[in-house]
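Work through the exercises below with the sequence and the 3D structure at hand. Try each task before reading its solution.

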Amino acid sequence: MNEDVSDGWAASAAAWIIEQGEDGDYGRRFVLDAPMRARIEGRGFRNALDVGCGEGRFCRIMQRAGIRTTGIDPTEALLARASELDPSGDYRVGRAETMDFDAEFDLVVSYLSLIDIPDLATAIAKMAAALRPGGTLLIANLTSFNTAGPPEGWTRDRDGALRFTIDHYMDERATWVSWSGVRVQNWHRPLSTYMTLLLDHGLQLRLFIEPQPIGGDPDRIARHRRVPFFHIMEWQKPA
């Protein structure tokens, strides 16, 4: 049993499964999925490790692109749902910080999972170790100025205008976030923390984008454009 209930994921699993469905939540469906698919399709990837695979949705997307997948996640209820939807899939209980793969994958994916990991330095070291030489680490993450917003975040000023407040940007910290019956612990870290850890492992940055919404509610589009939630990074392990 590797599951840790203290981060909220075990208690939130049922609500998470309902919210995600097959198409994902707003951010995945309208912001991240299209550019993430563009980075995996038609590039010759053969096998991928999805770190923090949850209920397996992106594993299934990769499989449709012809990529063999292994998913790892510490929340057993989410893995049970992944196996239910994909009975022949390879889903394993485990944490990024303790997984043990030795240069086995040509693609490693972290799709909004780095923010959930307490020991980021060890997790990134394990992800780099799991990559074959020449392999790709594909990351979708919350932007650091966005994670520096809670608990205030979006508020109205004295004139009633919506403003987004960030504070203590340089201070790494755990925060609790809640929505749609989900309550989980996320980690805020400055962008320099992520970049330094990735560079320290000799990984080479090949892509950095801040994708914009392609649909959905106009008010949500406007907020995403004012204060983007996400970025996507692609790193390559030297051959």
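A residue counts as buried when its relative accessible area is under 20%. The model used here is predicted.

**Exercise 1.** Find out whether Phe58 and Tyr111 are buried or exposed, and classify their ring pair.

Solution. Start with accessibility: Phe58 and Tyr111 are both buried. Next, take the rule for rings: planes over 60 degrees apart count as edge-to-face. The ring centres of Phe58 and Tyr111 are 5.0 Å apart and the planes stand at 70°, so this pair is edge-to-face. Last, locate the two residues: Phe58 belongs to helix 3 and Tyr111 to strand 4 (residues 105–111), 53 residues apart.

**Exercise 2.** Classify the ring pair of Phe101 and Phe105.

Solution. The centres lie 5.3 Å apart and the planes are at 80°, so Phe101 and Phe105 are edge-to-face. Phe101 and Phe105 are also buried.

**Exercise 3.** Describe the surroundings of strand 2 (residues 68–73) and state which strands pair with it.

Solution. Begin with burial: 5 of the 6 residues of strand 2 are buried, so the rest of the structure largely encloses this strand. Then look at one partner: strand 1 (residues 47–51) runs parallel to strand 2 and is joined to it by 5 bridges. Here Asp50 is opposite Gly71. Now take the other partner: strand 3 (residues 90–93) is also parallel to strand 2, with 4 bridges between them. Thr70 has Asp90 as its bridge partner in strand 3.

Technical notes. Residues are numbered from 1 along each chain as its sequence is written. This is a predicted model: local features need pLDDT of at least 70, side-chain atom pairs count only at pLDDT 80 or more; totals for chains, interfaces and linings use all residues. Side-chain values use heavy atoms; hydrogens and water are left out. Buried means under 20% relative accessible area, exposed over 50%, partly exposed in between (1.4 Å probe, protein chains only). Two strands pair if DSSP finds at least two bridges between them. Rings of Phe, Tyr and Trp (its six-membered ring) pair if their centres lie within 6.5 Å; planes under 30 degrees apart count as stacked, over 60 as edge-to-face and the rest as tilted.
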